[in-house]
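Here is my note on the model you asked me to look through, written as numbered points. Please keep the sequence and the structure open beside it as you read.

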Amino acid sequence: MIFSIDVEDWAQSVLDNTNSVSNRVYDNTLLLLDILEEHKHKATFFTLGNVARKHPELIRRIADAGHEVASHGYNHDAIFKLTPKQVMEDVTNSVKSLEDASGAKVIGFRAPNFSIREYLFEWYCEALAENGLKYDSSLFPMKVIKYGIEKKYSLKIFNEYGINEHYLSYMKIGKHKFPFFGGGYFRLLPYSVTKHLSSKLNEERAVFYMHPYEVDTGELAVVKELYGDIPLKWRLSQFVGRGSVETKLHKLMTDYEFTSFEKEFYSQEQEKKTILRGLQGGRTTSNVASAFDTKRDIATSI
Ligand SMILES: [Zn+2]
C-alpha cells in the first residue's frame, strides 16, 4: 500500500491561504516521521512549496529518512481557480522549492484539495510534464462535497503527456463509490471499520492519505486565539477525531506494509536509467528510455 501525506499548515492551507506558515506543520510532520520510523515504513510527502521555503530543514529530514518528497503545489490554490499560466507557475515554483530543499528530483504531484476537473486535464498535464513530473495522484473518481469527478472520464491526455495517474482508494456500494481511506474519514470512523473496508482493497495499488495537522490536538485553541472563533462546521469536519489518529496510525501500520509511490512504481525505472547512462557514456535517448517506462496500465480510464 502507498502511504501519502499532504504536508501543509492548517491555518494557511485551509483557513485562509494568505496566512503565514506556522511551526506547527514542522512539529506535526516530525511526529509522523517518528511513527513511520517506528514501523519501518516509507511514505510519499506531497509538500507545499511554501512549507519548503519556510522549513527547508524539514524537507531535508524527510528526504534523508528515505521518504519521497513530492509536490502539493506552492500555496494550496485550487487548480480550477488558476489560469493555465498560473498553473504552470505554481507547479514550477513548488517543484523548484522542494528540489532546492531536498536535493532530490521531484517526480510526483497532488493537486490541493484534489481540485482537478476534466476540462483542466490538458493545461494540468502540460504543467506537470514541463516540470519533468512522472505521476499524479489527484483524482477522486467520485463526487464528494468539495472535490472529485463523478462521471466516467478518460486519461488519454495523461498518457499522451507521459503522466501516470494513481487515483485515491474508494469502496463501492452498488453503483456508488465512497472514499474512506484517509483524511477526515480516517479520523471519524472507528478503526475497526477502516480495517474492515481496507481489507477489500487491492493492496498493490491502495493509496492512504492524510495531513500532518490531523495528529495535532492542540491546534484549535491556538487558532481560535490567533484568528478568532472557527465556524462550527469546520470544527466538526476538521478537528473532531484528531485525538484518535495517532493510535489508529499505529494499528494501521501494524496491519499493513506501506511504501512511497516512488519506491513502489518508479525506483526500478530510475535504476535502469542509471544503468543505461553508464552503458551509454552518460547519455540516454528517449527511444531507449521509453522502453523502460513504468506500468502504463495504471493510467486507465475508470
Ligand atoms: Zn492539501
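1. Of the contacts in the protein with a separation of 6 or more, 80% are between residues 24 or more positions apart, where two residues are in contact if their C-beta atoms, placed from the backbone, lie within 7 Å. This is a predicted model, in which local features need pLDDT of at least 70 and side-chain atom pairs count only at pLDDT 80 or more, while totals for chains, interfaces and linings use all residues. Residues are numbered from 1 along each chain as its sequence is written.

2. The protein has 14 helices and nine strands; helices (H or I, at least four residues) and strands (E, at least two) are DSSP runs, numbered from the N terminus. Of its 302 residues, 39% count as buried. A residue is called buried if 20 or more other C-beta atoms lie within 10 Å of its own, exposed if 12 or fewer, and partly exposed in between, with the C-beta atoms placed from the backbone.

3. Strand β1 (residues 2-7) runs parallel to β9, and four bridges join them; two strands pair if DSSP finds at least two bridges between them. In this pairing, isoleucine 5 stands opposite methionine 210 of β9. Strand β9 (residues 207-210) points Val207 and Tyr209 one way and Phe208 and Met210 the other way, and all of these are buried.

4. Strand β1 is also joined to β2, again in parallel, by four bridges, and here serine 4 has threonine 44 of β2 as its bridge partner. Strand β2 in turn pairs with β3 in the parallel sense over four bridges, with phenylalanine 46 opposite alanine 70 in β3.

5. How do α5 and α6 pack, in angle and in distance between their axes? Helix α5 (residues 84-102) and helix α6 (residues 121-130) pack at an angle of about 30°, with their axes 9 Å apart; axes are lines fitted to C-alpha atoms, for helices over the stretch in contact, and angles run from 0 to 180 degrees between N-to-C directions. The angle therefore makes α5 roughly parallel to α6, given that angles under 35 degrees count as roughly parallel, over 145 as roughly antiparallel, 65 to 115 as roughly perpendicular and the rest as oblique.

6. In the contact between these helices, Pro84, Val87, Met88 and Val91 of α5 meet Trp123, Tyr124, Ala127, Leu128 and Glu130 of α6. These residues divide into eight nonpolar, no polar and one charged, where Ala, Val, Leu, Ile, Met, Phe, Trp, Tyr, Cys and Pro count as nonpolar, Asp, Glu, Lys and Arg as charged, and the others, Gly among them, as polar.

7. Most residues other than glycine have a negative phi. Lysine 40, in the loop between α2 (24-39) and β2 (44-47), has a positive phi near 60°, and histidine 76, in the loop between β3 and α5, has a positive phi near 65°. Are these residues buried or exposed? Lysine 40 is exposed, because it has 9 other C-beta atoms within 10 Å, whereas histidine 76 counts as buried, with 23 C-beta neighbours inside 10 Å.

8. Lysine 81 is placed in the loop between β3 (68-71) and α5, and this lysine 81 is exposed because 10 other C-beta atoms lie within 10 Å. Lysine 81 and serine 115 are 34 residues apart in sequence and 8.9 Å apart in space, C-alpha to C-alpha.
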